[in-house]
Amino acid sequence: MFAIIIKLVHILSVGSYFFGIFYVGQLFLNYKYTEKFTRAKKKILRRQYLFNIERTWNMLVVPSGLIMLVTGIIMFFFNKHLVKMQWFDLKLIFLCMLSTYHYWFLETIRHLKALQGYDFKITRIKLQQINEVGILLMLLLGCSVILKYTIMLHYGLIITGIIIIMILLVAVLKLLKKEK
């Protein structure tokens, strides 16, 4: 019974974590969109967006990420045989990518605080692509867990490659459309 409760808490914390990450990404975009406003309006909106970013990060993303990590480690100790399974290797690769993604968000928040209301140098297109990377990571992690017994590692890598190529194609098409 304890293992089921831990798994439930883990799943809920994963959902909360990704919701928070996507919301912070959207707030980054909103901050970027303020560049076309007047200086007074820009200052007010940017202060509010930064407040919302910090609050979401500190009250949703970090706590749910820590709960996700702790419950994941507890579940791992209940199922030590996972190390021998190929799908778990794939999941660990995606988790390493997720930790890099998380670190990028943390550094971007620190950078925004240091800007003190000045313009964000990252382009809008790059911010949108970064949000799409988060969606991709969520899908890849979900697929690696749900399809753990039906796909092997090489199938997972092929699927991952196809999804990454699709995202890159969408990004290139957006850039070409923007140049016109």
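Arg110 counts as partly exposed, with a relative accessibility of 48% (buried is under 20% relative accessible area, exposed over 50%, partly exposed in between, using a 1.4 Å probe and protein chains only). This is a predicted model, where local features need pLDDT of at least 70 and side-chain atom pairs count only at pLDDT 80 or more, while totals for chains, interfaces and linings use all residues. Residues are numbered from 1 along each chain as its sequence is written, and side-chain values use heavy atoms, leaving out hydrogens and water.

So what does Arg110 pair up with? Its salt-bridge partner is Glu107, and the closest N and O atoms are 2.8 Å apart (a side-chain nitrogen of Lys or Arg within 4 Å of a carboxyl oxygen of Asp or Glu). Glu107 is also partly exposed, at 30%. Both residues belong to helix H3, and being 3 residues apart there puts about one helical turn between them (helices, H or I with at least four residues, and strands, E with at least two, are DSSP runs numbered from the N terminus).

## Salt bridges across the chain

The whole structure has 5 salt bridges. One of them joins Asp119 and Arg46, with 2.9 Å between the closest N and O atoms. Asp119 sits in the loop between helix H3 (86-115) and helix H4 (124-146), while Arg46 is in helix H2 (residues 39-78), so this pair ties together parts that are 73 residues apart in sequence. Follow the contacts and you'll find a network of salt bridges linking Lys42, Arg46 and Asp119.

Lys113 and Glu54 make another salt bridge, their closest N and O atoms being 3.1 Å apart. Here, too, distant parts of the chain are linked, since Lys113 is in helix H3 and Glu54 in helix H2, 59 residues apart. Lys113 is partly exposed, at 43%, and Glu54 is partly exposed as well, at 24%.

## Rings together

Now for the aromatics: there are 12 aromatic pairs (rings of Phe, Tyr and Trp, taking the six-membered ring of Trp, with centres within 6.5 Å; planes under 30 degrees apart are stacked, over 60 edge-to-face, the rest tilted). Take Trp57 and Phe105: their ring centres are 6.4 Å apart and their planes are at 5 degrees, so they count as stacked. Trp57 comes from helix H2 and Phe105 from helix H3, so the pair ties together parts 48 residues apart in sequence. Both Trp57 and Phe105 are buried, with Phe105 at a relative accessible area of 0%.

Phe105 also pairs with Tyr101, this time edge-to-face, because the centres are 4.9 Å apart and the planes are at 65 degrees. These two are 4 residues apart in helix H3, about one helical turn, and Tyr101 is buried at 6%. Zoom out and ring pairs link Phe28, Tyr31, Trp57, Tyr101, Trp104, Phe105 and Phe120 into a cluster.

## Charges over rings

Lys41 is placed over the face of Phe37, at 4.5 Å from the ring centre.

Conventions
A charge sits over a ring if NZ of Lys or CZ of Arg is within 6 Å of the ring centre and within 35 degrees of the ring normal.
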